[in-house]
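This report describes one protein model for a reader who has not seen it before. The sequence and structure come first, and the notes follow.

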Amino acid sequence: MSSSRDPNLVKRIGAATALEVRATGIPYVFAPCIAVCRDPRWGRCYESYSEDPKLVQAMTEIVSGLQGDIPANSSKGVPFVAGKTKVAACAKHYVGDGGTTKGINENNTQISRHGLLSIHMPGYYNSIIKGVSTVMVSYSSWNGVKMHANHDMVTGFLKNILRFRGFVISDWEGIDRITSPPHANYSYSIQAGISAGIDMIMVPNTYKEFIDGLTSHVKNKVIPMSRIDDAVKRILRVKFTMGLFENPLADNSLVDELGSQEHRELAREAVRKSLVLLKNGESAAKPLLPLPKKATKILVAGSHADNLGYQCGGWTIEWQGLGGNNLTSGTTILTAIKNTVDPSTEVVYKENPDADFVKSNNFSYAIVVVGEPPYAETFGDSLNLTISEPGPSTIQNVCGTVKCVTVIISGRPVVIQPYVSLMDALVAAWLPGSEGQGVADVLFGDYGFTGTLSRTWFKTVDQLPMNIGDKHYDPLFPFGFGLTTKPTKTI
């Protein structure tokens, strides 16, 4: 979404998301993730808008979409939710989650205080000014100190200096991970987390142990009652703001908002605007895109061409995501291509064709769709960032033989340098989700390419971490790069 450079689009997506979440009876979302991913080896990089804190700040407009615009006379830092069609938002993961060494999830971010405040904190300033209701603490550490136990940053900075008036929530079993191994000394973890300033603890399983442990700490004056009062006051403030006591139950009248056509059109618009065109022909004078809709016979190939689960990525229905087409309803890129081309154009789909097949069929051109399989969090940490096989061999078999555009489906920049010379055109489509039609809209020229890179595309993983502004900045495609095309009425 950040490749669109369109904060208003992100705000509209926030508003649509709020409606759909409310329709399920849930009044609270764990979004936005305002991590600043400084290393694409991190498995959560696709949850981050950019390596550039200014772009992340611009995209906090989603908070206003989710919660509603804060009233003009409202005090800064006070939580705000504008009624029954809006939800409480959550800025996460506080703070520095995108800066860990080698992008290892939940690991240690080694950076000066100035670096932390100038790179990883700016998104929080904007979110708090926009009235974000909650802030979630990061599993990661800052210079060796676990954020879940960091009183200086949670109470000292977030609550006292930034004057944040909503509540601070832990991550899933976040206090357990204050110790190594997790849950090794739960009594200590409760004390450290609550004393640091966390107001609500996410306890999926051991809630009896948590309640007993916290009660004991308060009775024994290990945790003062004033700390409990602060937490309760903050939680109640958000609940009152949400109207949770007046309207505690789901509003059934919103049910038609779920997966509505209007929201699917918005998602399709987001796909179109976020695509980044990285290569288009051997020279500007001979572009391949937009593709002609009318052709004798075209080839569509690749592991990701007809796979809705791969388009959606992780955190979709299931935590780690799924492959295949029975995950949710939507349009695969293959179906979108078939919907778009002229009825007389023959579309041949072969997932992994060999070179002989490509040679013998006399295709007008080919569209190759490859990329990463779905993943979330730690399972997505990768030190090599390669496109999964048979992706590379599909590119070689097809693009070595016929004019081809390669569409990369991935949560982040991946290794493509060895194959770029084979391709006539190259598109970064990120994780387009259910509306694959948005990809075909732009490939065939109903709309132009307008997206630009919101993160640096490296040549080799040996260069990482490498971000805009670094001294030795030598990318394959720089931050902000993106070729454009004009819409056309091709026949």
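## A buried methionine

M202 is buried, with a relative accessible area of 16%. Buried means under 20% relative accessible area, exposed over 50% and partly exposed in between, with a 1.4 Å probe and protein chains only. M202 lies in the loop that runs between α7 (186–196) and α8 (207–219). Helices (H or I, at least four residues) and strands (E, at least two) are DSSP runs, numbered from the N terminus.

Leaving aside residues up to four places away in sequence, M202 touches F30, M136, S170, D171, W172 and E173. A contact here means heavy atoms within 4.5 Å. G174 is 28 residues from M202 along the chain, and the C-alpha atoms of the two are separated by 7.3 Å.

## Basis of the model

This is a predicted model, in which local features need pLDDT of at least 70 and side-chain atom pairs count only at pLDDT 80 or more, while totals for chains, interfaces and linings use all residues. Residues are numbered from 1 along each chain as its sequence is written, and side-chain values use heavy atoms, with hydrogens and water left out.

## The annotated domain

An unreviewed UniProt entry carries the annotation "domain: Glycoside hydrolase family 3 N-terminal" for residues 2–238. UniProt positions are given in the numbering used here, feature names are shortened, and annotations may be inferred rather than shown by experiment. Over residues 2–238 the chain is 41% helix and 8% strand, and the end C-alpha atoms are 29 Å apart.

## Two disulfides

A disulfide is a covalent bond between the sulfur atoms of two cysteines. The criterion used is a pair of cysteine sulfur atoms within 2.5 Å, and a search of the whole structure finds two such links. When the bonded cysteines are numbered in sequence order, the pairing is 1-2, 3-4.

C90 is buried, at 0% relative accessibility.

C312 is in no disulfide either, and the nearest cysteine sulfur, that of C33, is 18 Å away. C312 counts as buried at 12% relative accessibility.
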